[in-house]
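Hello,

Here is the structure I promised to hand over. Please have a look at it before you read on; my notes follow below.

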Amino acid sequence: MNSKAVTITAVFLILLFFNVNAFQHKPMVNKHHNKLPAQEEIIYHIFQRSFYDSNGDHHGDLNGIRLKLDYLQHLGVTAILLTPLYQSVFYHNYFSDDFKKIDPQYGTLKDYLALIKELHRRGMKFYMDMETQYVTEDHVWWKDGVNNPASPYSDYILYTDNTHQQPQGIIFNLKGLLGYDSVYRKITTVNLNSPKVLEYNYQLFKFWTDPNNDGKFDDGVDGFRLDHMMDNLDGKPELPHLFTTFWKPLLGRLKQINPKLSIVAEQAAWGSLGKDYFDNGGVDRVFAFRLAFAIRSFNKKQLVETADSTFLITPASKQQVVFIENHDTPRFSYGVNSDAAKLRVGAALNLLIGGVPSIYYGQEIGMSGTNAALGATDANDIPNRMAFEWYKSDKGKGMANWYKLKGPWKDKFNNDVPNDGISLEEELNQPNSIYNFYRKMISIRKANQVLSKGKYETLKNRNDQVFTFMRYTGDKRVIVAINLSDQPVEDTIELEGKNTPVKIIYGSSKPKLINNIISVHIPAYGIEVWGM
């Protein structure tokens, strides 16, 4: 959420050309797209303005995503999640001025529907990001409602006074935000207590669920991401108990239209495991924030404790979305200084530990970046949202480097260094590249259903630098052992149950199993995956 833009940096510090465009093979098609079990999904999270530009204006767009679906399927992902599409003065499209309009730089409704139908034709899913809790001064609710208590929108936003002269602020009581292009807009909080606002949201979400209203959903979303979802929005005394009064009624009505919709909440408090959202919010999924931070820590104790608690509190019918970076955080690669071995560890944990994995665009090629320190502006997050690097020159058809066109900081965003080994062109045909490692981990996950459907269990071992866990279902088990250190280690891992042979799925070690004890040598940052 971009109301975090002015504080995200401080918060987080605490806590070959033709080859690139080659994927012209016949697309994989699955007419039964809604029959894919939830945890078999692998989500690809796209900041679409920076992904692929189809029309030469340097802004990524909907047609650009559609042109790159062969690439996404070659990688192995099965669903995409976009950041908001609706119209906004801000580049990230949070804080809308019209929820019913698609940002024209992304394309038209026709372009959107073409993308959704093509995704579904290929057996892929689509998730839409929504944040309708805030609007800018350009929204009709503001323009018609401010200084006009008689307006039909008089109770659509919150005011500090009875004469409606002063709209309330948002999180941290911010009154507005300065864009990367030096455009400032006032922002206010929507009155989620209003029955009219609830009905407006229902009609809005209902449209995206089934745009042509035919009940087939081939043109509709497969679910929604609810940005900055809270029971008591930003601690405002006017907006308590929203799970009961707003979110559950809204989501319940949407599920009556399409029971297969999947709702994922972004917890406003990133330390939350999401239990209250599962119990009281009416959602199907939450984001495993604490697990993401634990993975980034390379600390065994933190990983064990966080993984245990994360999966323990998750009901069998719900899911955790497991990720290691997103549009609000520094890139994982930045945190590990682009160390290839550590990038592989991150990828393996992202894809094998459990839940529904989500890969942030560019993560699979090791793109780097961290928040800038440019003052109170949304430009601070641009380094985490830069153009996908398709080419080794970082120039060419489709490069979406919109942030270099205007604004006082346009010359400051230079993470995209030519010929640095970080681009799809440079990695595509390199067997040992990060990109091909992601493809390998995804293929392992798909080939072993226990990794998508199985339960999680931490396994005991005798080395403080080795993190070991098991995914299991029935009599099938997959064991993962990861050395979190830069030194080779010897370890023993304790098992229970039948003393069955160990099959090497991935890794360089040859484990020995005697009396339910696995003895193994693991190289520095080694990743071992075994089936039993």
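**Charges over rings**

Lysine 342 sits over the face of phenylalanine 298, at 5.5 Å from the ring centre. Lysine 68 lies over the face of tyrosine 52, here at 4.7 Å from the ring centre. Please keep in mind that this is a predicted model.

**Aromatic pairs**

Tyrosine 52 also belongs to a cluster. Ring pairs link Tyr44, Phe51, Tyr52, Tyr71, Phe388, Trp390 and Tyr435.

The count of aromatic pairs comes to 40. One of them joins phenylalanine 47 and tyrosine 91. This pair is edge-to-face, with 6.0 Å centre to centre and 65° between the planes. It links distant parts of the chain, 44 residues apart. Phenylalanine 47 is in the loop between strand S1 (43–46) and helix H3 (62–67). Tyrosine 91 is in the loop between strand S3 (86–87) and strand S4 (98–102). Both residues are buried.

Tryptophan 402 and tyrosine 403 have ring centres 5.2 Å apart and planes at 85°, so this pair is edge-to-face. Tryptophan 402 and tyrosine 403 are both buried.

**Salt bridges**

The whole structure holds 18 salt bridges.

Glutamate 266 bridges to arginine 225, with the closest N and O atoms 3.5 Å apart. The two come from distant parts of the chain, 41 residues apart. Glutamate 266 is in strand S10 (residues 262–267), and arginine 225 is in strand S9 (residues 223–229). Glutamate 266 has 1% relative accessibility, so it counts as buried. Arginine 225 is buried too, at 2%.

Arginine 385 forms a salt bridge with aspartate 381; their closest N and O atoms are 3.6 Å apart. Arginine 385 is buried, with a relative accessible area of 0%. Aspartate 381 is buried at 1%.

Salt bridges that share partners also join Asp70, Glu118, Arg121 and Arg122 into one network. Within it, glutamate 118 and arginine 121 have their closest N and O atoms 2.9 Å apart. Both lie in helix H5 (residues 109–121), three residues apart, or about one turn of the helix. Glutamate 118 is buried, at 16% relative accessible area. Arginine 121 is partly exposed, at 38%.

**Threonine 314**

Where does threonine 314 lie? It is in the loop between helix H11 (300–312) and strand S12 (319–322). At 15% relative accessibility, threonine 314 counts as buried. A polar atom of its side chain lies 2.7 Å from the backbone oxygen of threonine 310. Beyond its neighbours within four places in sequence, threonine 314 is in contact with Phe278, Gln319 and Gln320.

Best wishes

Note on methods: Residues numbered from 1 in each chain as written. Predicted model: local features only at pLDDT ≥ 70, side-chain atom pairs only at ≥ 80, totals over all residues. Heavy atoms only, no water. Helix = DSSP H or I, 4+ residues; strand = E, 2+ residues; numbered from the N terminus. Buried < 20%, exposed > 50% of the residue type's maximum accessible area, 1.4 Å probe, protein only. Contact = heavy atoms within 4.5 Å. Polar contact = N/O pair within 3.5 Å; in protein donor to acceptor, adjacent residues only side chain to side chain. Phe/Tyr/Trp six-rings, centres within 6.5 Å; stacked < 30°, edge-to-face > 60°. Lys NZ or Arg CZ within 6 Å of the ring centre and 35° of its normal. Salt bridge = Lys/Arg side-chain N within 4 Å of Asp/Glu carboxyl O.
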